Amino acid sequence: MPRYNPSEIEPRWQRYWEENKTFRTPDTVGDKKLYALDMFPYPSGEGLHVGHPEGYTATDIVARYSRMKGISVLHPMGFDAFGLPAEEYAIKTNTPPEVSTEKNIQTFTRQLKQLGFSYDWDRKISTTDVGYVKWTQWIFLVLFDTWFDSEQQKGRPISELPIPDDVSAAGQDAIREYQDDHRLAYQSDALVNWCPALGTVLANEEVKDGLSDRGDHPVERRPLRQWMLRITAYADRLEKDLDPLDWSDGIKKLQCDWIGRSTGAEVDFFIGDQSESESWMSRRAESGFPRKQNSQCLRVYTTRPDTLFGATYMVIAPEHSAVETLTTENQKSAVDQYCRSAAAKSDRDRQDEKQSKTGVFTGSYAINPVSGEPIPIWIADYVLISYGTGAIMAVPGHDKRDYDFAKKYDIPIIPVVHPPAGSDVSAADVDSGAVCFADHGVAVNSGPYDGQPTADVKKAITAKLQQDGLGCAAVNYKLRDWLFSRQRFWGEPFPILHEIDENGNKTGKIRAVPVESLPVELPELSDYRPRSESSPDGQPKPPLERADDDWLFPVIDGVKYRRESNTMPQWAGSCWYYLRFIDPHNDEVFIDPDLEKQWMPVDLYIGGAEHAVLHLLYARFWHKVLFDRGHVSSNEPFQKLVNQGMILGENEFKGYRGSDEQWISAAEVTENEAHKPVLKSDGATELRAVTVEPDQVEKQGEFFVLSVDPSIRIDSRAYKMSKSRGNVINPDDIIANDGADALRLYEMFMGPLEQSKPWSMSGVSGVRGFLDRAWRMIVDDRAEELQLHESVGVHEVTEEQNRTLHKTIKAVTQDIEKLSFNTAIARMMEFVNFFTRQDKRPKSVMEQFVLLLSPLAPHLSEELWALLGHPQTLAYEPWPEFDEAAMVESSIEIPVQIMGKNRAKINVPPGLSKDDLLKAALANERIQELLEGKTIRKEIVVPDRLVNIVAN
RNA sequence: GCGGCCGUGGCGGAAUUGGCAGACGCCUUGGACUUAAAAUCCAAUGUUCCUUGGAGCGUGCGGGUUCGAGUCCCGCCGGCCGCACCA
């Protein structure tokens, strides 16, 4: 029986596409091109999640649509396969991670093929492929070979780095060291979370209450020698170049906030006796503001130089280099104790304690350069060593944090800004120190600047400081350089060699692995565990240190080296995969420059919002370096970016029961810190959350309540899918029941692409019903053989049928262009509803419809296309065109309102002039009745839309 | 705390951007077909009031602009997601 049977149709067409290489990328790009890219997945052991196909279907629809529009399409897929889960699994089972990774990639590939995506599978890549790792390492060497010329705002070859005379005078080693200090990839002693027991560096997220997440071992903050990438050099360009991109404002803002550019001034405060400050200042007025601060002063960064007159104390971070010199004898023990306890805290712990600020007085004073008054210098961990200069001038009157601190330690507050006229804050409250006013306003107690608005004072004081050699305008970023090394096994080895002496000790000289020796492959190990004890020099010992000597100690030109044993983080591979897709098999270069020019940039990039910041920032950074060095022609990689929303589990009703099984209304329930439901009244009595069936619940006013007891309120919401909640939907099950076309269509029909939305099983059967109806509109499902429905044939197309067709073509075309797939599907449903009622369904119209449906439901469409008499795939059939003339209605219904309320409807021909439309409205009997005895004050006539008459 | 997004029927969501609120789908109810069921098809389906026909009220709440507001402005309330001492 020729019922619609996706499990028979779909594998058949998938085989057809694969055997005929239907979606092979064209060798040469035509007039128009589309590079449609998905954020490639990490191939986890769990297999595909229903969230994956959402974005993938969206790009696939656009790719298929574009091919039919005659556009050259590149639509690839691959795998971001380095990562921790594979390594954990390897440790547990002692099998090489590449084995489980390969298995997972095969599962993912099978699942993706079952969804009928039109990827060019010949371009499949995995970041773990040796041929891919080679070029990841090569790009690292480009970073290693590049320095950033801040004048030209451009990365340049290290060989072009100007060497200062004093450095070149000091010899070759000094020059080499100077170069190493300026490379975009450099080694640095960064403060990191170091866990001695685990022998590894941990991410902030892996540390809780100063203990390691796994094993509860103590973690300390220590400077360790790590590889860093100088992304901060590109901060300005990463921010500015966002502007012309077709990204949502939300994502642009997230990136901007992450970069965190702020402008202000650096200011030097003289340290020492008040009497000497005058002469120091006059010397400064002559010498100007020095590039580096010296020990006579403390340099701060501030965004509010206008509040300088209100600076009543200073704060330096506990790690500041001046701590020792500033601490006086009788403060020494208190300072030592404070700094030691601060060092033991992770960043997270410091943040947790932000409610109550802590600090300690150094015993020293600085001189406020504008007032000449001595002000105390404190140490407090609310000042971060990693931002600005690690020191601040504190203005408690106009900074919330300084205000809290000053209140706690009883430090004077001087108000220097009054709220502007119309502010909620009163000047009197600011003067009395009752409130902290952090906004812009008007200067007071600021000498010559009194009465001027904040913005002007900022400029004027900065200029004055500059003139006096006490300060200069400055820019700062929250963005930090990128800590790029990991003590893990399953990642790309660094292509770097450390020179060693006869005793095997590092000399400090490093060199790149010669390009012709790339890739540096991972060595074979018998044990993937991180080392549990640290090496004698206190540095972590990554697993790669246990490699054979052959791997670990190469000799080049008679010089002995030790390989770098850290690996790159998972981000590395995803930083440039979009380039490799363009030329995936090239062994000579990472990408052919001609092909790069033809295909870049990516025209549509779709993926989850979880990568909105880091991945996109990192990839853009690498791309800009490659651009500066002439390896790519485009400045930005991703022209249009769309973040799909999250697919949540099915909606759940949740009720609460007390210890005696009594129902408790949700209105009386709150959550405690452990996210357990408790009674709101005491915040302690634990309750049990139970799922309530939908038929036991009804809506009353704003809330859902129990049908049997309306005084009991029930919570209603959808939760994130998770294994522990048991609400995970497996795409394989949906495909088995209703087919890939139904899954694709349902995920597109759920709602706007970028919105989070709950799953609904009956919604799936809804779209399956539509596919069934579309099938029956064309196929005779009661016949023995597969044949056309008796109503389908070579019929004259009626005017109404033609109008429906062209309206549908127009709507679907525009909706696909807007990525508004839910409404495109709704229009096709209307089409099917209409033509199912037609006894004569012209074959030509059915064909056009099948083409419209094909990007969304490709298997069903191919099957119907074949049945309509076309032996070849429809993938390259021309996309249907619409004709405005065919859409014109003979008569349209116009509402007539009186005082904005609908009172009648009139039928008029479209395009009627204002006057005629008004005449027709006034001619209406009912309108005449209602207007009787009233005076018409005003008539609003919108042609083809409505008439509104104002009368009383 | 700061920032972003969002509140429309029982549910997911539409609404040519200021012009008929609730397209399309789900759920529910009724009917046709059937010995029966499934499947399919047809119809009803925001809410209240009255007698058909209609009238009133309705887009989280309160105000405003307008002939006209889901859409614009001001002030609240609620939800979700980021960031979190960045001077």
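Biologist: Why is Glu98 called partly exposed?

Modeller: The relative accessible area of Glu98 is 44%. Buried means under 20% relative accessible area, exposed over 50%, and partly exposed in between, with a 1.4 Å probe and protein chains only. Glu98 is therefore partly exposed at 44%. The conventions are these: the model is predicted, local features need pLDDT of at least 70, side-chain atom pairs count only at pLDDT 80 or more, and totals for chains, interfaces and linings use all residues. Residues are numbered from 1 along each chain as its sequence is written, chains are lettered from A and ligands numbered from 1 in the order in which they are written, and side-chain values use heavy atoms, with hydrogens and water left out.

Biologist: What makes Glu98 part of a patch of negative charge?

Modeller: Glu98 gathers on the surface with Glu524, Asp548, Asp549 and Asp550. Asp and Glu count as negative, Lys and Arg as positive, while His and the chain ends are not counted. A patch takes residues with over 30% relative accessible area and no salt bridge, like charges being joined within 9 Å; the place of a charge is CD of Glu, CG of Asp, NZ of Lys or CZ of Arg. Areas follow the Shrake-Rupley method with a 1.4 Å probe. At 44%, Glu98 therefore passes the threshold of over 30%. Glu98 lies in helix 4, residues 97-114; helices (H or I, at least four residues) and strands (E, at least two) are DSSP runs, numbered from the N terminus.

Biologist: How do you know that Glu545 and Arg562 form a salt bridge?

Modeller: Their N to O distance is 3.1 Å. A salt bridge requires a side-chain nitrogen of Lys or Arg within 4 Å of a carboxyl oxygen of Asp or Glu, so the pair qualifies at 3.1 Å. Glu545 lies in the loop between strand 23 and helix 17, and Arg562 in strand 25, 17 residues apart. Arg562 is buried at 16% relative accessibility.

Biologist: What makes the contact between Lys919 and Asp916 a salt bridge?

Modeller: The N to O distance is 3.9 Å, which is within the 4 Å limit and therefore qualifies. Both residues lie in helix 29, 3 residues apart, about one turn of the helix. Lys919 is exposed at 58%, whereas Asp916 is partly exposed at 35%.

Biologist: Why are Arg768 and Asp738 called buried?

Modeller: Arg768 has 14% relative accessibility and Asp738 has 17%; both values are under 20%, so both residues are buried. They also form a salt bridge, with the closest N and O atoms 3.4 Å apart. Arg768 is in helix 24 and Asp738 in helix 22, 30 residues apart.

Biologist: Why is Asp557 called exposed?

Modeller: Asp557 has 71% relative accessibility, which is over 50%, so Asp557 is exposed. Asp557 lies in the loop between strand 24 and strand 25, and its phi is near 50 degrees, a positive value in a residue other than glycine.

Definitions and conventions:
Patches are made of residues with over 30% relative accessible area and no salt bridge: like charges are joined within 9 Å, nonpolar side chains (Val, Leu, Ile, Met, Phe, Trp, Tyr) within 5 Å.
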